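Subject: Structure handover

Dear colleague,

Please find the structure below, with the sequence alongside. My notes on it follow.

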Amino acid sequence: MVNIIFCGFGEDMDKLVVAKEGDLLLRVAESNGVKIPTECKDGMCGSCAVNITELHEEPNPAQYESKVDPDGWDEQKYTTYMEDKELDTLVEMGAISKKEAESAQQYAQQTPVRLACQCIIKGPMLIKPFE
Ligand code: FES
């Protein structure tokens, strides 16, 4: 179980919730009364984009697979596989750069902006609306 903090979504929606690792971020938000805009729920429209900050409590080296980062990518981030369609959508909407998308693929790490309908929870996170 991990802590997920929603912040900036409005009154009664800013809260800390406990979620299961492996659960979908959008499902966790909806089941806890946090409204994130959606249209397709399939990683194509970008309407569910959110800013994500990974929160680290006690680093556990067993959680990380990628160690080397010549581009300065944060090696403390959790290993997170992101689907090509999510990365393509984020690049198309200008939320991340092509280079960030390539680094995310190369190091299996998530970008600072994710699509809530595609984001599998791997660890504690702070979630803010994408603006
Ligand atoms: S709802 Fe369309 S990308 Fe998530």
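Five bridges connect strand 1 and strand 2, and the two run antiparallel. In that pairing, Phe6 stands opposite Lys15 in strand 2. Please keep in mind that this is a predicted model.

The sheet to which these strands belong is open, has five strands in the order 2-1-5-3-4, and is mixed in its pairing. Its edges are strand 2 (15–19) and strand 4 (113–115); each has a single partner strand, so one side of each is left without a neighbour in the sheet. On average, and with direction ignored, neighbouring strands are turned by 35 degrees against each other.

Overall, the protein has three helices and five strands. Read from the N terminus, the elements follow the pattern β-β-α-β-α-α-β-β.

On the core: the largest nonpolar core holds 26 residues, and the members that touch the most others in it are Ala29, Cys48, Val50 and Ala116. Two or more residues each come from strand 1 (2–6), helix 1 (25–31), strand 3 (49–54), helix 2 (84–92), helix 3 (98–107) and strand 5 (125–129). Leaving aside residues up to four places away in sequence, Ala29 touches Phe6, Val34, Ile36 and Ala116.

Two totals to finish. Of the 131 residues, 29% count as buried. Among contacts between residues at least 6 apart in sequence, 64% join residues at least 24 apart.

Regards

Technical notes: Residues numbered from 1 in each chain as written. Predicted model: local features only at pLDDT ≥ 70, side-chain atom pairs only at ≥ 80, totals over all residues. Core = buried A, V, L, I, M, F, W, Y, C linked by C-beta atoms within 7 Å. Buried ≥ 20, exposed ≤ 12 C-beta atoms within 10 Å, placed from the backbone. Helix = DSSP H or I, 4+ residues; strand = E, 2+ residues; numbered from the N terminus. Contact = placed C-beta atoms within 7 Å. Pairing = 2+ DSSP bridges. Axes fitted to C-alpha atoms, helices over the stretch in contact; angles between N-to-C directions.
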